[in-house]
Amino acid sequence: MTTTAHLNSASLDVDAIRADFPILSRAVRNGRPLAYLDSGATSQKPRQVLDAEREFYERHNSAAHRGTHLLGEEATEVYEGARERIAAFLGATPGEIVFTKNATEAINLVAYAMTGSVGPGDEILITEMEHHANLVPWQQLCQRTGATLRWFKVTPDGRLDTDPSPITERTKLVALTHQSNVTGVIPPVAEIARLAHEAGAVVLADGAQSVPHQPVDVATLGADFLAFSGHKMLGPYGIGVLYGKRALLESLPPFLTGGSMIEVVRMEETTFLPPPQRFEPGVPPVAQAAGLAAAAGYLSGLGMANVAAHEESLTAHALDALREIPGVRILGPDTTSGRGGSVAFEVHGIHPHDVGQVLDELGVAARTGHHCAWPLHRALGVQASTRATFYVYNTHAEVDALADAVRYAKKFFGV
Amino acid sequence: MQLESMYQEIILDHYRNPHHKGLREPFDAEVHHVNPVCGDEVTLRVALKDTGGEPVVEDVSYDSLGCSISQASASVMSDLVIGKPVSEAMTVGDAFVSLMRSNAAPDAAPPDEDVLEDAMAFAGVAKYPARIKCALLAWMAWKDATARAMEGDHD
């Protein structure tokens, strides 16, 4: 066995990291320590993020982009400073960063803004492995406009089936995940973006599971749009990001409208500010932006390459540990090649809900169900699965706790 | 460990050997219910018998995909309602809903064990809010199907 080879992660000082996350020291059911393996749903938050939000509220709280008083100026500085920090995190410019509520809203923004630019005969191309957030908005766009929804299928081992390519001259937009929230598969986004651009289509990447976990540079990625959520990358709830190439953002009409995004309002008509303000109506979520900037700073301090290496080591350990349990089937690739730190599996004879219940009883917090990716589960021939996802604070001991809990579940249910 | 309090032997027995499972004819109404959180689903048919007075639940048949709690609940539910007049069966259903809410509303009247019989085994499930929907899935499907079958009577 190779398990012992990755029992230590050289890339991160996990003990020091864990000390920054107060929630990780609490006990859960039966007084057991918490093994939090559900960061794919939402990550935990370090003190640095909580402190950034608290400091904003205690020292600078005011509405950004309005008013002439000192606090208003400071709030604007905090908000625009967060935009600069996120832009630097992605290798983008601040004018290409739109703050949204979350990745879901970012994707909906693009889908609604495109309503006037597609119609019958046009095709929107997605994939079978999408989270519902990058699937339903495109179905809806097609229903509104008469465009046709098509998709890349997945191979039996959960990879994207790119041959033959379904991209044609009718394709107007390709929307695909940059890392599956179920199998962890990382599709070849740059290659698909190149083909899409040759066909004249724009590309949106769902980065909800990639931006928190691997170095992402928008120039290398090649996508025109990138959507992600703050709360999955150590940041607060209520803030997400849409990155968009400047020229494309300028070409899009607004999605949500109201204050803050206008130039001149008359009773008859309104003109709009340029991006990113055009897409940010209402008083901006400055405290959340401060928290998100602190999260990006925290991750940059660790180094995203180190984050990815740590997760790869945990993923390799989990794949090894689960593979040797009879009756366990890993969904998707069972090597760490071309995949990130999401490990979904089924246990023969035990429904995922029941697996999850036993895990919970032993202090292991994992996700059960279809993980908002119902079509992918159908394609892989399962109704639901159990999923463990890893992050900077997870340990190899927690991976062992997961495997032990799965073994206990088998014993408990007699399978 | 509290696992045993949720997974009572009665529940595991019904899960491994479900009663009345499989779709049968004839039937008066068929419904399909899902739990969108986990994807569990049940297709359920109800056949009512016209006895001149109040209709009686003649048969409940179902096909389902789901966890042990949802499967066992469908099995126990069909045992409890088949053969009962509709209003009496509805009383059992209401008692089961109360049982599932007993943790959230501890001051409410205690569930009637005589009415619930084997369904009392699900008392432990009420302590886990995420699993209550699993236990209720088949009951809700049965209530829906029965209501539709009753409407059909008046056509």
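Modeller: In β3(B), Val57(B) is the bridge partner of Leu48(B). This is a predicted model, in which local features need pLDDT of at least 70, side-chain atom pairs count only at pLDDT 80 or more, and totals for chains, interfaces and linings use all residues. Residues are numbered from 1 along each chain as its sequence is written, chains are lettered from A and ligands numbered from 1 in the order in which they are written, and side-chain values use heavy atoms, with hydrogens and water left out.

Biologist: How many bridges join β2(B) to β3(B)?

Modeller: Strands (E, at least two residues) and helices (H or I, at least four) are DSSP runs numbered from the N terminus, and two strands pair if DSSP finds at least two bridges between them. β2(B) and β3(B) run antiparallel, and the bridges between them number nine.

Biologist: Which residue takes a positive phi in the hairpin of β2(B) and β3(B)?

Modeller: Six residues lie between the strands of this hairpin. The positive phi, near 90 degrees, belongs to Gly52(B).

Biologist: Which residue of β2(B) is the bridge partner of His33(B)?

Modeller: β1(B) and β2(B) run antiparallel and are joined by seven bridges. They form a hairpin with four residues between them, and Gly39(B) in the turn has a positive phi of about 85 degrees. The partner of His33(B) in β2(B) is Val42(B).

Biologist: How many of the ten residues of strand β2 of chain B are buried?

Modeller: Buried means under 20% relative accessible area, exposed over 50%, and partly exposed in between, with a 1.4 Å probe and protein chains only. Strand β2 (residues 40–49) of chain B is mostly covered, and its buried residues number eight.

Biologist: What is the N to O distance in the salt bridge of Arg24(B) and Asp59(B)?

Modeller: A salt bridge is a side-chain nitrogen of Lys or Arg within 4 Å of a carboxyl oxygen of Asp or Glu. The side chains of Arg24(B) and Asp59(B) meet in one, with N to O at 3.0 Å. The pair links distant parts of the chain, Arg24(B) being in the loop between α2 (9–16) and β1 (29–35) and Asp59(B) in strand β3 (residues 56–65), 35 residues apart. Arg24(B) is partly exposed at 27%, Asp59(B) is buried at 18%, and the distance asked for is 3.0 Å.

Biologist: How many residues apart in sequence are the parts that Glu123(A) and Arg150(A) tie together?

Modeller: Glu123(A) forms a salt bridge with Arg150(A), with the closest N and O atoms 3.2 Å apart. Because Glu123(A) lies in strand β3 (residues 123–127) and Arg150(A) in strand β4 (residues 148–152) of chain A, the pair ties together parts separated by 27 residues.

Biologist: In which helix do Asp144(B) and Arg148(B) lie?

Modeller: Asp144(B) forms a salt bridge with Arg148(B), the closest N and O atoms lying 3.1 Å apart. Asp144(B) is partly exposed at 22% relative accessibility, and Arg148(B) is partly exposed at 45%. The two are four residues apart, about one turn of the helix, and that helix is α6 (residues 129–153) of chain B.

Biologist: How many salt bridges are there over all chains?

Modeller: The count uses the salt-bridge rule already given. Over all chains it comes to 24.
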